[in-house]
Amino acid sequence: MKLKYLPALLLFIVGIGYLIAHSITGAQIGSDGILIEPFFLLPVGYLLAALGIIIGLTVGIVSFSRKTKKSFK
């Protein structure tokens, strides 16, 4: 794997890690009836995973277009 895909891969892995952490911790109901849940893990996890996919696709498309441009010259 090339080094240019590393940031996208790291973002994706961290995002999936946040989603797994949210599912492991789960939700609890306090003694006063209030829901206690680490909700911030969900949107941050989805955001990081989506950014990793978008950055990876962008880097791949730019790399592919540069290779095809070189082959036509």
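Read from one end of the sequence to the other, the protein chain runs α-β-β-α. That makes 2 helices and 2 strands in this predicted model. With a radius of gyration of 19 Å, well over the 11 Å that the globule rule gives for 73 residues, the protein chain is more spread out than a compact globule. The box around its C-alpha atoms, taken along the principal axes, is roughly 70 × 15 × 10 Å.

How much of such a chain is buried? Of the 73 residues, 16% count as buried. The accessible surface comes to about 5800 Å², and carbon and sulfur atoms account for 74% of that surface. Turning to contacts with a separation of 6 or more, 56% of them join residues 24 or more positions apart.

| Residue | Relative accessibility |
|---|---|
| A8 | 7% |
| H22 | 13% |
| S63 | 14% |

Let's start with A8, which has its place in helix α1. Its relative accessibility of 7% is under the 20% cut-off, so A8 counts as buried. Which residues does A8 touch, once its neighbours within four places in sequence are left aside? They are G52, I55 and G56. There is also a C-alpha distance to look up in the model: A8 and T58 are 50 residues apart along the chain, and their C-alpha atoms are separated by 9.7 Å.

H22 sits in helix α1 as well, and this helix covers residues 6–25. H22 counts as buried because its relative accessibility is 13%, where the limit for burial is under 20%. What does the side chain of H22 make a polar contact with? Its partner is the side chain of E37, at 3.2 Å.

S63 belongs to helix α2, which spans residues 41–72. With a relative accessible area of 14%, S63 is buried too. Leaving out residues up to four places away in sequence, S63 touches K4 and Y5.

To bring the pieces together on screen, you could follow the contacts just described. A8 of helix α1 meets G52, I55 and G56. H22 pairs its side chain with that of E37, and S63 of helix α2 is in touch with K4 and Y5.

Terms used. Residues numbered from 1 in each chain as written. Predicted model: local features only at pLDDT ≥ 70, side-chain atom pairs only at ≥ 80, totals over all residues. Heavy atoms only, no water. Helix = DSSP H or I, 4+ residues; strand = E, 2+ residues; numbered from the N terminus. Buried < 20%, exposed > 50% of the residue type's maximum accessible area, 1.4 Å probe, protein only. Polar contact = N/O pair within 3.5 Å; in protein donor to acceptor, adjacent residues only side chain to side chain. Contact = heavy atoms within 4.5 Å. Rg over C-alpha atoms; globule rule 2.2 N^0.38 Å. Areas by Shrake-Rupley, 256 points an atom, 1.4 Å probe, with all protein chains shown as cover.
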